[in-house]
Amino acid sequence: MKRNPIFIEEILPTLKNGSLVVDLGSGTGSFNYNKYPNLEIVSIDVEGTKSKRSNFVRASAENIPLRTDAAYFVVANWVLEHVVNVETCADEISRICCSNASWYVAIPNSSTLEDRLCRITDAISSIVSKSRRKTKVAKGHVQSFTFQRMLIIAYQRGFRLIAFCDWGAGYTFLRKFDKLQRIMIKLIKLLGKTTRKDFFEKSNYLFNFQKIGGVTGYGNFPLICRRCGGGFSFKASIWTCPRCGTLNGR
Ligand SMILES: [Zn+2]
């Protein structure tokens, strides 16, 4: 069966000429901008300067300096886990996206060994930078994601899932230390063999969302009637079931 587009390079060719593409938290660029001269690409990050790229805008992902409904494609490639106010950021993404716009998200699965090791490495490097009195302290993962949490964030803002995939672990946060990285990968493989667990598969998630409109696709019904099993969303500690009249209490 044919797969829906999931990768940035699969989504970009589906866009019409002149479409605005926003590379949010771009770093040095989430894809090769030069390959898409037909698209209007804006690169946004809290760090960096305009001197290297003409399309660069220095801004926070929580306050995007673009007009409402302007974007046809927003790329958030390994970004959301670093954003302090991720709900505000998602509000902003939803605001700048026009109807039917695509939103690409790559995030780590916070329950995995890779994400935990990454957080430990972040913490160590933060202590080292502080002790060396470097002005810039590396900001690590400040958000923890599950598949469900990401879906709720997107669905609450009118997005629907078009495609998703599980993504393995590369332990790439150690890439600056080639030898250490290779030793770690060997150790993790060994640990996997002895514990019969796979510490490489399903470490991250990639999503392709599409903006359907201004309605939520998510519901939360925490109250369940002990007799009829009906589910309700109102807040109460003691309540009478609107469906069968049974008194429920906690
Ligand atoms: Zn009931």
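1. A residue counts as buried if 20 or more other C-beta atoms lie within 10 Å of its own, as exposed if 12 or fewer do, and as partly exposed in between, with C-beta atoms placed from the backbone. By that rule, buried residues make up 25% of the 250 residues in the protein.

2. A word on the source. This is a predicted model, in which local features need pLDDT of at least 70, side-chain atom pairs count only at pLDDT 80 or more, and totals for chains, interfaces and linings use all residues. Numbering starts from 1 along each chain as its sequence is written.

3. Overall layout. The protein has five helices and 11 strands. These are DSSP runs numbered from the N terminus: helices are H or I with at least four residues, strands are E with at least two. The C-alpha trace spans about 65 × 55 × 45 Å along its principal axes. Two residues are in contact if their C-beta atoms, placed from the backbone, lie within 7 Å. Of the contacts with a separation of 6 or more, 61% are between residues 24 or more positions apart.

4. Domains. The bounds come from an automatic or database domain assignment. Domain 1 covers 1–109 + 145–168 + 203–219, domain 2 covers 114–140 + 171–201, and domain 3 covers 221–250. The C-alpha centres of domain 1 and domain 3 are 39 Å apart.

5. The sheet. Seven strands form an open, mixed sheet in the order β3-β2-β1-β4-β5-β7-β6. Its edge strands, β3 (56–58) and β6 (159–167), each pair on one side only. Twist from one strand to the next averages 15°. Two strands pair if DSSP finds at least two bridges between them. Strands β4 (residues 71–77) and β5 (residues 97–108) run parallel and are joined by six bridges. Ala71 stands opposite Cys97 in β5.

6. The core. A nonpolar core is a set of buried Ala, Val, Leu, Ile, Met, Phe, Trp, Tyr and Cys residues joined through C-beta atoms within 7 Å. The largest one has 40 residues, and Val22, Ala71, Val74, Trp103 and Val105 have the most contacts inside it. Elements giving two or more residues include α1 (8–11), β1 (20–24), β2 (40–45) and α2 (86–96). Strand β5 gives the most, with seven residues. Beyond its neighbours within four places in sequence, Val74 is in contact with Val22, Leu24, Ile93, Ile96, Cys97, Ala101 and Trp103.

7. Helix α2. Its buried residues are Val86, Cys89, Ala90, Glu92, Ile93, Ser94 and Ile96. Their cover includes β1, β4, β5, α4 and β7.

8. Helix α4. This helix (residues 147–155) lies across β5, β6 and β7 (204–211), at about 15° to β7. Axes are lines fitted to C-alpha atoms, for helices over the stretch in contact, and angles run from 0 to 180 degrees between N-to-C directions. Met150, Ile153 and Ala154 of α4 are buried. Seen down the axis of α4, the buried residues fall within an arc of 95°, so they line one face of the helix. That arc is taken over the directions from the helix axis to the C-beta atoms. Elements covering these residues include α2, β5, β6 and β7.

9. Glu62. This residue is in the loop between β3 and β4. Glu62 is partly exposed, with 16 other C-beta atoms within 10 Å. Not counting residues up to four places away in sequence, Glu62 touches Val83, Asn85, Thr88, Cys89 and Glu92. Glu62 and Val86 are 24 residues apart in sequence, yet 7.5 Å apart in space, C-alpha to C-alpha.
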